Amino acid sequence: MKKIVLHACCAPCASYPIKKLIEDNCEPVVFFYNPNIYPTDEYNIRKNELEAYCSKYDVEFFEGEYNHSLYCEKISGMEDEPEKGKRCSVCFYLRLKKTAEFAKEKGIDLFTTTLSVSPHKNSAQIFYEAKKVQNETGVEFVEYNFKKNDGFKISRLIAKENNMYAQSYCGCKFSIKKSQ
Ligand code: SF4
């Protein structure tokens, strides 16, 4: 089985990608790196839920640094951008770059992300940022479009079966405003 680092944003979104990677004979190593999440309580809920899910299914779990001020600095001036706009590109790049660096540290050649499972996100936009990261780090991005083949629907079913907490917004404070 080939190890692959799976950047994961939360347990519901990670559920189907973990299943799919295992079916594809890969060993996912989950990396929770999401400095975009606001507030801290929400961050901890999402992190704890994912860590518990990984432990239940014997999947390795790692947490990156929760440096929310770094996120705020990177997206400065883009606060009013719509979802799927420039702020999201910067947010994807930040998270995926750290994921590829983490993979390199661990001696793992591949990475991918759960972000593509959401129907609210543009997979081409995610893949564009991921390929930039691939070119910069030399760690190969595996282009999984997890929303395909009912991926999102399956992820929600698994979340329901496992009584997972399901948030109502993407993650940053600007997405809270948009979801209300
Ligand atoms: S809406 Fe989601 S992807 Fe876009 S900047 Fe906010 S947290 Fe990141």
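The points below go from the whole chain to the ligand and then to the helix packing.

1. A word on ground rules. This is a predicted model, so to speak of local features a pLDDT of at least 70 is needed, side-chain atom pairs count only at pLDDT 80 or more, and totals for chains, interfaces and linings use all residues. Residues are numbered from 1 along each chain as its sequence is written.

2. Overall fold. The chain has seven helices and five strands (DSSP runs numbered from the N terminus, H or I of at least four residues for helices, E of at least two for strands). Along the sequence they come in the pattern β-α-β-α-β-α-α-β-α-β-α-α.

3. Dimensions. The C-alpha trace spans about 45 × 40 × 30 Å along its principal axes.

4. Ligand shell. Around the ligand sit Asn36, Glu83, Arg87, Cys88, Cys91, Cys170, Gly171, Cys172, Phe174 and Ser175 (C-beta atom, placed from the backbone, within 6 Å). Helix H4 (86-106) and helix H7 (173-179) each supply at least two of the shell residues, and H4 has the largest share, three residues. By class the shell is five nonpolar, three polar and two charged (Ala, Val, Leu, Ile, Met, Phe, Trp, Tyr, Cys and Pro are nonpolar; Asp, Glu, Lys and Arg charged; the others, Gly among them, polar).

5. H1 with H2. The axes of H1 (residues 11-23) and H2 (residues 40-56) come within 9 Å and cross at roughly 30 degrees (lines fitted to C-alpha atoms, for helices over the stretch in contact, with angles from 0 to 180 degrees between N-to-C directions). That makes H1 roughly parallel to H2 (under 35 degrees; over 145 is roughly antiparallel, 65 to 115 roughly perpendicular, the rest oblique). Ala11, Ala14 and Ser15 in H1 meet Glu49, Leu50 and Tyr53 in H2 (C-beta atoms, placed from the backbone, within 7 Å). This contact has four nonpolar, one polar and one charged residues.

6. H4 with H5. The axes of H4 and H5 (residues 123-137) come within 9 Å and cross at roughly 40 degrees, so the two helices are oblique to each other. Among the contact residues are Cys88, Phe92 and Leu96 in H4, and Ile126, Ala130 and Val133 in H5. The contact has eight nonpolar, three polar and five charged residues. Note that Cys88 is also in the ligand shell.

Conventions: Contact = placed C-beta atoms within 7 Å.
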